[in-house]
Number of protein chains: 2
Amino acid sequence: MARQRQERAERTRAALIHAAAEVFDQAGYHGAGLNAILQRAGITTGAMYFHFKSKEELARAVIVDQAAELQWPRDKKGLQQLIDVCQYLAVEMRSNVLFRAGVRLAVEQSEVNLLDYSIYDWWAEQFGAHLAEARELGQLHPDVDEGAFPQVLVAAYTGTQIMSRLATNRADLPERIENMLRCLLPAVAPAEVVATLEFPGNGGETTP
Amino acid sequence: MARQRQERAERTRAALIHAAAEVFDQAGYHGAGLNAILQRAGITTGAMYFHFKSKEELARAVIVDQAAELQWPRDKKGLQQLIDVCQYLAVEMRSNVLFRAGVRLAVEQSEVNLLDYSIYDWWAEQFGAHLAEARELGQLHPDVDEGAFPQVLVAAYTGTQIMSRLATNRADLPERIENMLRCLLPAVAPAEVVATLEFPGNGGETTP
């Protein structure tokens with residue numbers, strides 16, 4: 001019975017986060033009403049308070065859980081894996097509402113006064129792991145700063161996403177991310193390594 | 001007399017944009033009230049309507065005019081000039097309210113539904129001019145994409161600024177921008193060129 005209750009609580013929490021992501025994604029933080037979120041989730045105010053005390057707490061959860069439903073590609077290694085993950089994220093952002101809403105809130109959180117930096121560190125760790133693997137594979141220039149570069153990659157990805165959203169509502173995000181990587185990878189790897197890497201290009205599989 | 005009227009109108013417009021920048025900077029777009037802006041500017045509603053019809057129009061003006069009071073360093077050329085400008089901007093953002101508010105609104109404008117891309121293109125043109133000069137000076141790798149790289153630089157700067165704001169309220173922005181440039185410049189210039197460039201470093205003149 002305890003286990004059933006726990007499962008139900010987890011379903012309720014997930015439904016709340018999903019409904020919140022949908023409403024934040026459409027209306028932004030200030031435009032999102034708690035009632036709209038509860039109605040969409042089919043959950044009462046009382047049931048919500050067991051999990052979240054406020055819209056702000058829901059927004060924090062959407063930021064922190066933004067990557068929870070991503071299914072990373074894992075079949076390549078090093079820099080190729082970094083390219084594949086970056087491209088996967090660019091395509092996924094167009095359909096995965098939790099990811100998209102989490103990124104939006106993370107960018108606009110100073111407007112919301114959440115001021116949570118941890119999600120940026122988390123992304124830097126993910127990118128950093130592929131870079132460390134690239135180092136092991138002998139793909140990197142010897143003097144690449146493995147601590148600093150992932151932070152720059154997260155910054156460039158964040159800015160590119162903002163610019164793509166404004167320019168084309170993210171329709172050109174995969175193309176912009178490919179351009180970004182083509183510009184940045186020569187900073188960390190010799191030309192003969194970059195020449196071996198596959199980019200999806202305009203007719204590639206990740207840009208339907 | 002016409003000239004006096006025009007000068008007065010320009011002063012009124014500048015006072016409105018300044019007051020708006022101060023209030024947007026402190027309170028964000030949604031937290032900013034038109035009355036607070038008018039009071040700070042010492043201007044009546046009627047005088048405002050001659051220039052701006054709404055808070056949204058004021059916000060647009062703050063975004064578009066964000067660079068109006070910057071005094072760019074102009075004494076170096078090519079990549080050194082690019083470094084100096086990027087560092088100048090990082091320091092300036094901590095004290096120049098119009099610049100800071102304009103950047104904030106540009107980043108958070110999807111929350112505000114302004115969706116104006118032109119300011120990002122404008123910044124890419126500024127950075128691109130220094131890169132074109134670097135090309136003339138023979139500082140760049142032959143295969144650098146001069147069209148794409150300035151966009152990536154704007155994206156990386158934008159993301160770095162967001163992350164610095166969250167992490168330290170921009171106290172570490174000059175240091176982060178220096179790290180960003182140290183990571184990115186090897187993508188466009190050979191190591192022997194990068195070695196000749198001066199970065200302010202921790203004890204440099206632009207990080208007081």
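A:Asn169 is exposed (over 50% relative accessible area, with under 20% called buried and values in between partly exposed, for a 1.4 Å probe and protein chains only), because its relative accessible area is 55%. A:Asn169 is found in the loop between helix 9 and helix 10 of chain A, and its phi is near 50°, a positive value in a residue other than glycine. This is a predicted model, in which local features need pLDDT of at least 70 and side-chain atom pairs count only at pLDDT 80 or more, while totals for chains, interfaces and linings use all residues. Residues are numbered from 1 along each chain as its sequence is written, chains are lettered from A and ligands numbered from 1 in the order in which they are written, and side-chain values use heavy atoms, with hydrogens and water left out.

**Chain A as a whole**

- Chain A has eleven helices and zero strands, where helices (H or I, at least four residues) and strands (E, at least two) are DSSP runs numbered from the N terminus.
- Read along the sequence, the pattern of chain A is α-α-α-α-α-α-α-α-α-α-α.
- Along the principal axes, the C-alpha atoms of chain A fill a box of roughly 60 × 40 × 30 Å.
- Of the 208 residues in chain A, 56% are buried.
- Contact means heavy atoms within 4.5 Å; among contacts in chain A between residues at least 6 apart in sequence, 68% join residues at least 24 apart.

**Loop residues**

- B:Asn169 sits in the loop between helix 9 and helix 10 (173-188) of chain B.
- Phi of B:Asn169 is near 50°, a positive value in a residue other than glycine, and B:Asn169 is exposed at a relative accessible area of 55%.
- A:Ser95 belongs to the loop between helix 5 (78-92) and helix 6 of chain A, and counts as exposed at 54% relative accessibility.
- A:Ser95 and A:Lys55 are 40 residues apart along the chain, and their C-alpha atoms are separated by 23 Å.
- B:Gln139 lies in the loop between helix 8 (118-136) and helix 9 (148-168) of chain B, and counts as buried because its relative accessibility is 13%.
- A polar atom of the side chain of B:Gln139 lies 2.9 Å from the backbone nitrogen of B:Leu79.
- Leaving out residues up to four places away in sequence, B:Gln139 touches B:Gly78, B:Leu79, B:Ala134, B:Val188, B:Ala189, B:Pro190, B:Val193 and B:Leu197.

**Nonpolar core**

- In soluble globular proteins, nonpolar side chains tend to be buried together.
- A nonpolar core is a set of buried Ala, Val, Leu, Ile, Met, Phe, Trp, Tyr and Cys residues joined through side-chain atoms within 4.5 Å.
- The largest such core has 150 residues, and A:Phe24 and B:Phe24 have the most contacts inside it.
- Not counting residues up to four places away in sequence, the residues that B:Phe24 touches include B:Tyr29, B:Ile37, B:Leu58, B:Val62 and B:Leu105.

**Interface of chain A and chain B**

- Contacts join 37 residues of chain A with 36 residues of chain B.
- The two chains bury about 3000 Å² between them, 70% of it on carbon and sulfur atoms; buried area is the accessible area (1.4 Å probe) that two parts lose on being put together, summed over both.
- Two residue pairs are in polar contact across this interface, both at pLDDT 80 or more; a polar contact is a pair of N or O atoms within 3.5 Å, where within protein one must be able to donate a hydrogen and the other to accept it, and residues adjacent in sequence count only if both atoms are side-chain atoms.
- Helix 1 (2-31), helix 6 (97-107), helix 7 (109-112), helix 9 (148-168) and helix 10 (173-188) of chain A each supply at least two residues of the side that touches chain B.
- Helix 9 of chain A gives the largest share of that side, 15 residues.

**Salt bridges**

- A salt bridge is a side-chain nitrogen of Lys or Arg within 4 Å of a carboxyl oxygen of Asp or Glu; over all chains the count is 22, and between chain A and chain B it is zero.
- B:Glu22 forms a salt bridge with B:Arg40, with the closest N and O atoms 2.9 Å apart.
- B:Glu22 lies in helix 1 (residues 2-31) and B:Arg40 in helix 2 (residues 34-41) of chain B, so the pair ties together parts that are 18 residues apart in sequence.
- B:Lys77 and B:Glu133 meet through their side chains in a salt bridge (3.8 Å, N to O).
- B:Lys77 is in the loop between helix 4 (55-64) and helix 5 (78-92) of chain B and B:Glu133 in helix 8, so this pair ties together parts that are 56 residues apart in sequence.
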